[in-house]
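Visitor: I have a structure open and would like to go through it. Can we take it piece by piece?

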Amino acid sequence: MRVAVVGATGRIGALTLAALDRGGHETVAISRGHGVDVLTGKGLDEALTGVDAVIDVLNCTSGEEAENVRFFTTTTEHLLATEQRAGVGHHVVLSIAAVGRVKGNPHYAGKRAQEAAVEAGPVPHTIVPATQFHDFAAMVASWTEADGAARIAPLLVRPVAPEDVADVLARVATGEPQGRHRDVAGPGPQDLVDMARRTHAVRGHRVELVPTWENGIFDASMAGNVLLPAADAEVAPTSFEDWLAAQAG
């Protein structure tokens with residue numbers, strides 16, 4: 001198959017391209033660096049000519065809800081309209097597990113808007129919701145780190161390896177549209193504070209972690225089982241312990 005990956009220069013995009021290559025598929029890398037701007041639609045028609053399926057792993061880094069909603073809605077509408085003209089038969093988008101249960105987070109609001117646009121669009125689709133990645137805890141801690149300390153919310157998550165998610169995206173895109181795929185999650189639940197502490201230890205990074213909901217990023221509405229995947233989640237093979245061992249190596 002000929003499969004286009006949107007957001008190809010990002011981490012998940014690059015891993016997804018590699019997974020498709022291993023499967024013997026022809027790939028089309030789509031990003032600004034490849035001369036295509038999905039936000040404006042520039043270059044999309046040419047890029048999607050002859051494409052069978054599209055995988056959208058675009059990300060928005062804005063902290064504003066309105067900007068997240070605008071970005072994900074606009075890029076999705078441009079993709080779907082172009083895919084319809086090009087005769088693309090399958091639109092796959094990476095989303096977040098439990099995205100409907102988190103109401104106060106700008107990024108989650110944008111992803112809900114993206115899912116709604118995909119579901120209302122003209123192209124057969126599959127939404128693939130995944131849990132947080134293994135390096136999520138250390139990344140969250142870095143957002144608030146100052147003077148040797150970092151505030152971090154005690155979230156309960158079930159982290160997954162980016163490589164495993166990329167493999168699922170490649171498999172799904174080269175199959176039949178499903179509408180919504182099962183959640184994709186790692187083998188077991190982890191506490192975000194403990195994850196950050198263990199990640200910092202293997203990386204040799206010294207920082208005092210302060211568990212608190214008062215960090216301006218996440219609040220207590222995300223406590224407990226809110227971020228955990230559904231009971232029927234597809235369990236990816238790579239555990240957090242496997243990832244830590246690789247980091248240490």
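Visitor: Which residues in the largest nonpolar core touch the most other members?

Guide: This is a predicted model. In its largest nonpolar core, which has 26 residues, Ile152, Leu155, Leu192, Leu209, Phe218 and Leu227 touch the most other members.

Visitor: Which helices and strands each supply at least two residues of this core?

Guide: Helix H5 (136-144), strand S6 (149-152), helix H7 (192-203) and helix H8 (240-248) do.

Visitor: Back to Leu227. What does Leu227 touch, not counting residues up to four places away in sequence?

Guide: With those left out, Leu227 touches Ala98, Arg101, Val102, Tyr108, Gln132, Leu155, Leu156, Val157 and Met222.

Visitor: And what does the second, separate core include?

Guide: That core has 24 residues, including Val3, Val5, Ile55 and Phe133.

Visitor: You mentioned H5 and H7. Are they roughly parallel or roughly perpendicular to each other?

Guide: The axes of H5 and H7 come within 8 Å and cross at roughly 90°. Angles of 65 to 115 degrees count as roughly perpendicular, and H5 and H7 are therefore roughly perpendicular to each other.

Visitor: Which residues make the contact?

Guide: From H5, Phe136, Ala137, Ala138, Val140 and Ala141 take part. H7 brings Leu192, Met195, Ala196, Thr199, His200 and Arg203.

Visitor: How many of those are nonpolar, polar or charged?

Guide: In the contact of H5 with H7, eight are nonpolar, two are polar and one is charged.

Visitor: New topic: where does Asn105 lie?

Guide: Asn105 is in the loop between strand S4 (90-96) and helix H4 (106-120).

Visitor: Is Asn105 buried or exposed?

Guide: Buried means under 20% relative accessible area. Asn105 has 9% relative accessibility, so Asn105 counts as buried.

Visitor: What does the side chain of Asn105 reach?

Guide: It reaches the backbone nitrogen of His107, at 2.9 Å. Asn105 also touches Ile217 and Phe218, not counting residues up to four places away in sequence.

Visitor: Now Asp147. Buried or exposed?

Guide: Asp147 sits in the loop between H5 and S6. Exposed means over 50%, so Asp147, at 85% relative accessibility, counts as exposed.

Visitor: Last one, Asp37. Where does it lie, and what does it touch?

Guide: Asp37 lies in the loop between strand S2 (26-30) and helix H2 (44-47). Not counting residues up to four places away in sequence, Asp37 touches Arg32 and Lys42. At 18% relative accessibility, Asp37 counts as buried.

Conventions:
Residues are numbered from 1 along each chain as its sequence is written. This is a predicted model: local features need pLDDT of at least 70, side-chain atom pairs count only at pLDDT 80 or more; totals for chains, interfaces and linings use all residues. Side-chain values use heavy atoms; hydrogens and water are left out. A nonpolar core is a set of buried Ala, Val, Leu, Ile, Met, Phe, Trp, Tyr and Cys residues joined through side-chain atoms within 4.5 Å. Buried means under 20% relative accessible area, exposed over 50%, partly exposed in between (1.4 Å probe, protein chains only). Helices (H or I, at least four residues) and strands (E, at least two) are DSSP runs, numbered from the N terminus. Contact means heavy atoms within 4.5 Å. Axes are lines fitted to C-alpha atoms, for helices over the stretch in contact, and angles run from 0 to 180 degrees between N-to-C directions. Angles under 35 degrees count as roughly parallel, over 145 as roughly antiparallel, 65 to 115 as roughly perpendicular and the rest as oblique. Ala, Val, Leu, Ile, Met, Phe, Trp, Tyr, Cys and Pro count as nonpolar, Asp, Glu, Lys and Arg as charged, and the others, Gly among them, as polar. A polar contact is a pair of N or O atoms within 3.5 Å; within protein, one must be able to donate a hydrogen and the other to accept it, and residues adjacent in sequence count only if both atoms are side-chain atoms.
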